[in-house]
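Trainee: I am new to this structure. Please take me through one part of it closely.

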Amino acid sequence: MEAVVSTQSTWGGGRRRQREKPKAQPISKVIDVSLEDVYKGPTMELPYKYMTASGRQTCSRCNGRGAVMEVIRQGFMQIQTQKNCSRCDGRGVSFASEKMEQAVAKVHIPPGIRHGDKITLSGEGHSIPGVERGDVKVTIRVRKHKVYERVGADLACKKTLTLQEALCGHTFKLLHVSGNTLVVTARPGEVTMPACIKKVAEWGLPQKGGHGMSKGHLYIKYDIIFPVQNSISAGDISTLAAVLGRCEYPEVVEKEPEIEVGARCKIINLAQYPQFNNKEGVVF
């Protein structure tokens, strides 16, 4: 059985302080939660086992040190090594009526909790004589979601639209982690561009410590799929060409190429300093 006693003393202020009462080692547990749990902040049950005993005594073999010295002879040499005490399993003490008890703790998951956050259940761990009762330390592990990706307090998801939906409008439903169903509708005349991102304000996750009042946002990234090859008839192509030809398009402005620091370049057509033409160098 693992050691459950911590006997570290406390020092400080340039002088020795009175040795504090040792405390039992904490019990480490993990709770898996979903994004739905992160949003709602439920109370979950955590089963675990802790150690109890009715009496305590110092190990007579190692005198409470938890280790013994062993001498090994090799020819004319003697090698002294230290090893854990076999009688007390390295704990330095032994207990009477030592046993493991089953318990179930109620753990409140704060809204907005993050992956890797820890919750401490003080005084609910190992209960053994002569030491302060230990704690239970719970590590939160947030599972990946099928639809949403968490970005801090924001949520992100992807939505695929057909070309018709992108040009002519669309309406679709999203089951949110809150349990609500969101209805997302394009504005009249709105054209959804490939890779564009739409923000749905305050439909993200609660901010941790914000008591559920402050929330992040939901971001939807769109992907547009086009018709398969040869699926548009000649007549439809003529109709589409006429309709799309009457549409207004944004002006395409060609950007002048920019030369970045570190790029290699060659100088040409330099009229004022022709001696530098055809010279190569690095921009800095």
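Mentor: Start with a term: two strands pair if DSSP finds at least two bridges between them. Keep in mind that this is a predicted model.

Strand 14 pairs with strand 15 (residues 154–162) in the antiparallel sense, over three bridges. There, E149 stands opposite A156 in strand 15.

The loop between strand 18 and strand 19 (218–225) holds E202. Phi of E202 is near 60°, a positive value in a residue other than glycine. E202 has a relative accessible area of 55%, so it is exposed, because exposed means over 50%.

Next comes H176. This residue sits in the loop between strand 16 (171–175) and strand 17 (181–185). Its relative accessibility is 3%, so H176 counts as buried; the cut-off for buried is under 20%. A polar atom of the H176 side chain lies 2.6 Å from the backbone oxygen of W203. Leaving aside residues up to four places away in sequence, H176 touches Y39, Y148, L155, L182, W203 and G204.

Notes. Residues numbered from 1 in each chain as written. Predicted model: local features only at pLDDT ≥ 70, side-chain atom pairs only at ≥ 80, totals over all residues. Heavy atoms only, no water. Helix = DSSP H or I, 4+ residues; strand = E, 2+ residues; numbered from the N terminus. Buried < 20%, exposed > 50% of the residue type's maximum accessible area, 1.4 Å probe, protein only. Polar contact = N/O pair within 3.5 Å; in protein donor to acceptor, adjacent residues only side chain to side chain. Contact = heavy atoms within 4.5 Å.
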